[in-house]
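Dear colleague,

I am handing over the structure that we talked about, and it is shown just below. Please keep it open while you read the notes that follow.

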Amino acid sequence: MPILEAENICKTFDRTEVLKHIDLSLEKGQVLSIIGSSGSGKTTLLRCLNFLERPDKGIIRVNGETLFDAGDPATQSEASIRKKRLHFGLVFQSFNLFPQYTAMENVMLARRLLAAEQPDFKARKKEIYEEIEVQAKTLLEQMGLSNRRDNYPHQLSGGQCQRVAIARALALKPDILCFDEPTSALDPELTGEVLKVIRELADKNTTMIIVTHEMSFARDVASHVIFMDDGTIVEQGDPMEVFGNPKEERTKQFLSHY
Amino acid sequence: MSLILEQMPVVIGALNAGFLQTLKLFFVTLIGAFPLGLIIAFGSMSRFQPLSLATKLIVWVVRGTPLMIQLLIIYYFPGLVLNNPIWGGGETGRFLAASTAFIINYACYFSEIYRGGIQGVPAGQEEAGLVLGMTKSQIFWKIKLLQMIKRIVPPMSNEIITLVKDTALSRIIALQEIIFAGQSFMKGSHGISGAIWPLFFTAFYYLIFNGVLTLLLGRLEKKLDYFR
């Protein structure tokens with residue numbers, strides 16, 4: 001069974017159709033890359049999966065459970081959507097770290113708040129907080145940021161910020177980790193350090209969806225590639241196929257720029 | 001010079017009493033205008049068009065007319081035009097009218113500062129909180145509030161310093177604040193008349209008080225300097 005299935009996702013902003021009947025499926029441990037020019041709907045698709053936008057039509061299933069069905073209002077209450085979001089993690093193009101918190105605090109904050117909702121929180125508070133702290137330290141170490149734990153975002157480079165943001169998303173152990181052009185705000189050198197971390201996650205079979213303009217990275221790291229244009233999936237398949245031997249004229253045209 | 005030294009104790013006593021009234025008006029205005037400004041800010045940001053338009057109209061009128069005129073209208077209009085002197089007479093009535101005018105006036109200025117602070121927090125902050133499973137209230141209290149305060153403090157400091165000096169306008173409805181007290185020595189008061197120096201001397205009170213405020217507000221700003 002696929003870990004993620006999206007069926008017939010449609011989204012319109014002010015009469016502009018941004019997503020037109022998108023179908024998508026992803027197996028556990030797979031890395032899906034979504035490529036395409038700006039305005040093709042890639043980011044909107046990711047935002048729909050994370051419930052930052054509400055699709056006008058369509059169904060989203062994770063592990064067979066229907067999380068969202070545009071035709072069923074019961075799946076759309078604010079409170080239930082909050083829990084459902086936790087199946088997904090999202091790393092933003094502009095990091096969106098919380099500036100008033102250190103790297104450690106950024107990674108721990110959401111888990112601490114969620115822990116407070118557990119019934120045994122009061123009795124085990126100290127234990128739970130310790131566990132969260134250990135996890136955050138491990139994650140930052142994994143991101144190569146052990147010596148940056150107590151720095152605030154404005155004291156970090158863009159690449160370091162993005163790695164903190166990745167650790168922050170991983171802290172909640174999402175089923176699917178999504179990246180929205182994670183290196184578009186970085187210079188080539190910093191891009192390299194972020195891509196290296198994502199590559200390591202791929203090696204550990206982290207299920208990921210990566211919207212990116214880094215074509216060679218998409219080819220190397222992805223197990224499946226989708227090329228989007230004008231709100232539709234124009235072509236998809238094995239990265240070697242899509243990049244090496246594109247079938248559609250529009251795909252060829254797009255890839256010729258790289 | 002020796003005359004001034006002779007008059008000094010009496011004058012200082014009277015100016016102190018006047019300055020107490022100035023301080024009272026200052027603090028009452030802050031206490032009233034801080035929350036009222038927030039309500040007006042939410043009103044003008046409301047998605048309910050009639051409410052946001054009405055609020056914006058009020059803010060436009062209040063910010064577009066002199067506070068002195070507003071003081072006069074609020075104090076005299078009910079009694080002279082409506083034949084309903086709601087403020088009552090005496091110093092208490094004048095203080096109530098002055099406080100009302102100042103609170104409304106300053107709330108409108110504060111509302112614009114709040115609005116800037118609230119809208120200045122990037123949308124990405126809320127989105128990051130949402131995808132991390134936070135509730136709207138957690139996002140407000142744990143993420144946005146401090147960032148708003150940081151944005152609000154510098155422009156708010158300016159308004160607060162201005163307010164200290166604006167309290168002098170309440171002289172126009174004869175509120176017995178420090179300017180009134182200083183001026184009284186020209187016409188004659190406490191056995192002293194024809195003395196203009198007490199009026200000039202009031203400037204020191206404003207200067208010292210604003211100096212203290214500037215220090216305190218600067219400290220607050222510095223406290224929030226640890227992040228950007």
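Across which strands of chain A does helix H1 of chain A lie, and at about what angle does it run to E1(A)? Helix H1 (residues 42-49) lies across E1, E2 and E4 of chain A and runs at about 120° to E1(A), where axes are lines fitted to C-alpha atoms, for helices over the stretch in contact, and angles run from 0 to 180 degrees between N-to-C directions.

Before going on, please note that this is a predicted model, in which local features need pLDDT of at least 70 and side-chain atom pairs count only at pLDDT 80 or more, while totals for chains, interfaces and linings use all residues. Residues are numbered from 1 along each chain as its sequence is written, and chains are lettered from A and ligands numbered from 1 in the order in which they are written.

The sheet in chain A is open and has four strands in the order E2-E1-E4-E5, with antiparallel pairing; helices (H or I, at least four residues) and strands (E, at least two) are DSSP runs, numbered from the N terminus, and two strands pair if DSSP finds at least two bridges between them. At the edges are strand E2 (16-26) and strand E5 (65-69) of chain A, each of which pairs on one side only, and the twist from one strand to the next averages 20°. Five bridges join strand E1 (residues 4-13) of chain A to strand E4 (residues 57-62) of chain A in the antiparallel sense, and A:Glu7 has A:Ile59 in E4(A) as its bridge partner.

Turning to the two chains together, 18 residues of chain B are in contact with 20 residues of chain A, contact being counted if the C-beta atoms of two residues, placed from the backbone, lie within 7 Å. On the side of chain B that touches chain A, H5(B) gives the most, with six residues. The buried residues of helix H5 (residues 123-131) of chain B are B:Ala128, B:Gly129 and B:Val131, a residue being buried if 20 or more other C-beta atoms lie within 10 Å of its own. These buried residues pack against helix H2 (78-85) and strand E6 (88-91) of chain A, together with helix H6 (136-166) of chain B.

Finally, H6(B) and helix H8 (residues 197-223) of chain B pack at an angle of about 170°, with their axes 10 Å apart. The two helices, H6(B) and H8(B), are therefore roughly antiparallel to each other, a term that applies to angles over 145 degrees.

With best wishes

Notes. A residue is buried if 20 or more other C-beta atoms lie within 10 Å of its own, exposed if 12 or fewer, and partly exposed in between; C-beta atoms are placed from the backbone. Angles under 35 degrees count as roughly parallel, over 145 as roughly antiparallel, 65 to 115 as roughly perpendicular and the rest as oblique.
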